[in-house]
Amino acid sequence: MSLQDGEPTGQESLSVRVQERLSLPISLPTEDQNNLAGYLFVAPNLLVFSIFLLGPVLYAFYVSFNEWNILLGEGTWIGLGNYVSILQPWPWENNWAALRSPEVNLWWYALRTTAIYAVGTVPLQILGGLAVALMLDKRVRAKKAYRAAYFMPVMLSGAASAVIWRWLLASDGIINEFLAPIGLAHNWASDPSTALGGVMVMAIWGGIGFNMILFLAGLQNIPNELYEAARIDGCNGWQRFRNVTYPNLENTNFFVIVMAIIGAFQVFGIALVFSEGGPYFSTTTTVLLIYQRAFQEGHMGEGAAMAFLLFLIIFAFSYWQYRYRKSEEVDY
Amino acid sequence: MRETATGNGREGELTRRRFVGTLAASGLTVGLAGCSGDDGTGEEGADVDESADITMTGWAADDTESALLQELIDSYEEENEDVEVSYSPVQDEYEQRLRTQLGAGEAPDVFYVDSSYYHAFASTDVLHEMDTFAEEDGGFEREDFYDPLIEAFDYEGSLYGIPKGFTTLGMFYNEEHLEEAGAEVPESWAGLRETLEAIDESLDVGVPMTIIPEEPRLFFTGLFQNGGQVLSDNGDECVIASEEGVEALEFPVSLVEDGLAGYVADHGGWHGDALAEEITSIGHMGAWGLPFFRDNQPEMDEVIGVAEMPVIDGGDPATMAYTVTYSMAHDVEDPAVAWDLVRYLTSDEGMAAWAEQGLELSAREAHADLEFYEENPRYRTLLDQADESVVWGFGPDSEAILNRVQPQLERAILGEASPRESLESAQEQVNREVLDG
């Protein structure tokens, strides 16, 4: 509420009048005092955030400019050295060799693997989640049981579901039992061309439940009057979805897309447990590569630099999505 | 059981690491049994005058094992009333955790170090040198231990850890299967192929032999039998793509191509289960396989035989050895006390009692005469290979090297590239990214 321009507000004029009438020195909190109270309220969170998140992030940023040996806890400043050795050779050199072969530059190859994973999982996780949410938002028998069932994978730890899927997709696993009669039985996890597919199936299975919950919450926030009005206007089911449901889910949609993209670029646990990055680098995702370099091989500086490059990519996607949404925004 | 825990994944690394953990824990156990009863260790022990607190960590596959270690520690504390040892085993990500602790200066005083990253640790000065103590202490002589183990843990003339025990890699086979197929226990690769072909023709097993695509053990043993190496003598160049290496990799690849060998992940999960469930007839393992059969598969235990690793044609016998040390942190507060604990754990009596638990072989050469090895010829077979074994681990950059070599071995085994192409890729990548950088 701004007091600088226009009329004083009712409250203000009232207190002024009371002050005048009683000629008492009533002091309202000044702006500084107000701010102080605010800072005090956020202080605990700010403190914890700084110590456990901001501090380590800034430290990692510093580490990324060093050749850092985790065993010694100290490093040598090498400027952009880590970034240069990670990024070069550039992907377009030698006719895009880095994207075709993991030996040329594993960073670009892992990024390509991660991008394939993201393209393959994000749309299906979102469309799947929306479809399930729409179905379970209707009057369905045993609706709650279905919701619980679809949400179950979210509650399961990534490692546990990776183990389960590893069994399901094993060469003598149950999925192959069904595929064998039609001649499609395959050794999914041991074939470099299908292992990533296995990880993606697992991620879609887990992602649908999570997005379903978010979409369900969004759907329940849409006032019924809008649907009633649409019905009166003679909208059919598709039109109601297109003109009422979808526009009103915009905020949910934004959140779901951003979270799904971030999640996809950060995929780690399921790839580690399902196939340990193999066979032949086929499931070595960006974060798995960071883990190998930083924690297995002890090159913390290189690992930190990779982590910041990944941060830039995720940030770019999130910002782009944010801008895009702004430009699409319509006021009613 | 610790072994079954590996059943779902790839066996290679996991099993070996768990094995090592197992060793540690069980070794301790043994130690207890051996030490607590008599005053054997007491007489060797250096007197520890001052009172001290020692922290110790290692990995333990399950509670039984850590309890056994705790028992051994208790008996040590009984003999040294002024010393208090607090032992906290780590279940997962042991190495990563230890690295972080060392970097932060928060490492325990005594801990296990696997041969695969021992040199990375020793070369960065985070471990305490042990020779000084060893020299002062009449109870310890380098010569008491098997040469390959001491050589593996010798870093620039000094020891930074004492072997806790070890195992060599042997060929585990189903005696009944071989008999039914009319095949002999193979001693050479040509013989191995004949045996596998005979099994394939006359028996209905899932696959005659199981292998791990990213760690084909036949390849590594064949490479060393053939006189090849992973790194050059001075360790600054990868030479895995030598003719010797290509030859050693061609053989397991051809076995897979001909259906005579299959991936263990698809046949039982790990070699132990594959053999126990008769999905396969032959698999390559270390001592950790024997207690698995003894404790879980007593009927199968009767028919499982262990032979020395078959030798590549024209090569000399050689096999891999897996081993772990007890090491001390560089900044250990009471080096003398910590050393005394390590000495106790690796003493003659301690290690003998430990070896008799059967999870690991004794690293002390004199123990070859133990009655236990007379009574258990399969352990004897593994032990007999000790002098011709090569300890698993390839210098300070071992993990970085394996992260580049293993996917290439897998690539060849899966038939995605020829053995030569895969090994050349691995060699080029290791030289460019790891050893030059």
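Colleague: Which residue, with a positive phi, follows α11(B)?
Modeller: Residues are numbered from 1 along each chain as its sequence is written, and chains are lettered from A and ligands numbered from 1 in the order in which they are written. Helices (H or I, at least four residues) and strands (E, at least two) are DSSP runs numbered from the N terminus. With a phi near 75°, the residue that follows α11(B) is B:Gly259.

Colleague: How far apart are the end C-alpha atoms of helix α11 of chain B?
Modeller: The expected span of a helix is 1.5 Å times one less than its number of residues. The 15 residues of helix α11 (residues 243-257) of chain B should therefore span 21 Å, and the distance between the end C-alpha atoms agrees, at 21 Å.

Colleague: What covers the buried residues of α11(B)?
Modeller: Buried means under 20% relative accessible area, exposed over 50%, and partly exposed in between (1.4 Å probe, protein chains only), and contact means heavy atoms within 4.5 Å. The buried residues of α11(B) include B:Val246, B:Leu249, B:Phe251 and B:Leu255. Their cover, all in chain B, includes α9 (189-202), β8 (209-211), α10 (217-225), β9 (261-263), α19 (398-413) and α20 (419-435).

Colleague: Which residue meets B:Arg404 in a salt bridge?
Modeller: A salt bridge is a side-chain nitrogen of Lys or Arg within 4 Å of a carboxyl oxygen of Asp or Glu, and the side chains of B:Arg404 and A:Glu297 meet in one at 3.3 Å, N to O. Because B:Arg404 lies in helix α19 of chain B and A:Glu297 in the loop between α14 (286-296) and α15 (300-328) of chain A, the pair joins two chains. Both residues are buried, and both belong to a network of salt bridges that also includes A:Arg293, A:Glu302 and B:Arg432. The partner of B:Arg404 is thus A:Glu297.

Colleague: What is the relative accessibility of B:Arg411?
Modeller: B:Glu421 forms a salt bridge with B:Arg411, the closest N and O atoms being 3.4 Å apart. Since B:Glu421 lies in helix α20 and B:Arg411 in helix α19 of chain B, the pair ties together parts that are ten residues apart in sequence. B:Glu421 is partly exposed at 40%, but B:Arg411 counts as buried, with a relative accessibility of 9%.

Colleague: Which residues does B:Val332 touch, beyond four places in sequence?
Modeller: B:Val332 is found in the loop between β12 (319-328) and α15 (335-345) of chain B, and its relative accessible area of 7% makes it buried. Not counting residues up to four places away in sequence, it touches B:Asp109, B:His128 and B:Ala338.

Colleague: Is A:Thr283 buried or exposed?
Modeller: A:Thr283 lies in the loop between α13 (269-275) and α14 of chain A, where the residues it touches include A:Thr113, A:Leu196, A:Val199 and A:Leu288. Because its relative accessibility is 0%, A:Thr283 counts as buried.

Colleague: What is the relative accessibility of A:Phe41?
Modeller: A:Phe41 counts as exposed because its relative accessibility is 72%.

Colleague: Over which residues of chain B does pLDDT stay under 50?
Modeller: pLDDT is the predictor's confidence in each residue, from 0 to 100, and chain B averages 84, with 86% of the residues scoring at least 70. Where pLDDT is low, the predicted coordinates should not be read in detail. In chain B, pLDDT stays under 50 over residues 1-47.

Key: Predicted model: local features only at pLDDT ≥ 70, side-chain atom pairs only at ≥ 80, totals over all residues. Heavy atoms only, no water.
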